[in-house]
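Q: I am new to this structure and would like to learn how to read its features one at a time. Could you take me through it slowly?

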Amino acid sequence: MHDHPDVQDCAEELRAALAAHGITLPSLGVDLPTFAARNPTQPLIALGNCNLPTARALAAALRKGVA
């Protein structure tokens, strides 16, 4: 396993930022296969699945950030 101490912090920062917009992605977390890979790689943050209202809320929050 490679040393990526900030990957969990990044996932938590993203969770907190989404929560500030009233958005919860229950499956958000570190993608364990990429975190534990033998080949050096950047671990991925798994966003997981979300329902339609959550997807719409996420899209609306992103649009507000661009305006």
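Q: Among contacts in the chain between residues at least 6 apart in sequence, what share joins residues at least 24 apart?
A: A contact list can be sorted by how far apart its partners stand in sequence. In this predicted model, 47% of the contacts between residues at least 6 apart join residues that are at least 24 apart.

Q: Which pattern does the chain follow when read along the sequence?
A: One begins by listing the elements in order. Here the chain has 3 helices and 2 strands, and reading along the sequence gives the pattern α-β-α-β-α.

Q: Does Leu 28 count as buried or exposed, and where in the chain is Leu 28 found?
A: A residue counts as buried when its relative accessible area is under 20%. Leu 28 is found in the loop between α1 (6-19) and β1 (29-30), and it counts as buried because its relative accessibility is 5%.

Q: Which residues is Leu 28 in contact with, leaving aside its neighbours within four places in sequence?
A: The partners of Leu 28 are Ala 11, Leu 14, Arg 15, Leu 18, Ile 45, Ala 46 and Leu 47. With Leu 47, which is 19 residues away along the chain, the separation of the C-alpha atoms is 4.4 Å. Ala 11, for its part, is in contact with Leu 28, Gly 29 and Ile 45, again leaving aside neighbours within four places in sequence.

Q: Which residues make up the largest nonpolar core?
A: That core has 6 residues in all, namely Ala 11, Leu 18, Ile 23, Leu 25, Leu 28 and Ala 61.

Q: Where does Thr 34 lie, and which backbone atoms lie 3.0 Å and 2.9 Å from a polar atom of its side chain?
A: A polar side chain can be read through the atoms around it. Thr 34 lies in helix α2 and counts as buried because its relative accessibility is 17%. The backbone oxygen of Asp 31 lies 3.0 Å from a polar atom of the Thr 34 side chain, and the backbone nitrogen of Leu 44 lies 2.9 Å from such an atom. Not counting residues up to four places away in sequence, Thr 34 touches Thr 41, Gln 42, Pro 43 and Leu 44.

Notes: Residues numbered from 1 in each chain as written. Predicted model: local features only at pLDDT ≥ 70, side-chain atom pairs only at ≥ 80, totals over all residues. Heavy atoms only, no water. Helix = DSSP H or I, 4+ residues; strand = E, 2+ residues; numbered from the N terminus. Buried < 20%, exposed > 50% of the residue type's maximum accessible area, 1.4 Å probe, protein only. Contact = heavy atoms within 4.5 Å. Polar contact = N/O pair within 3.5 Å; in protein donor to acceptor, adjacent residues only side chain to side chain. Core = buried A, V, L, I, M, F, W, Y, C linked by side-chain atoms within 4.5 Å.
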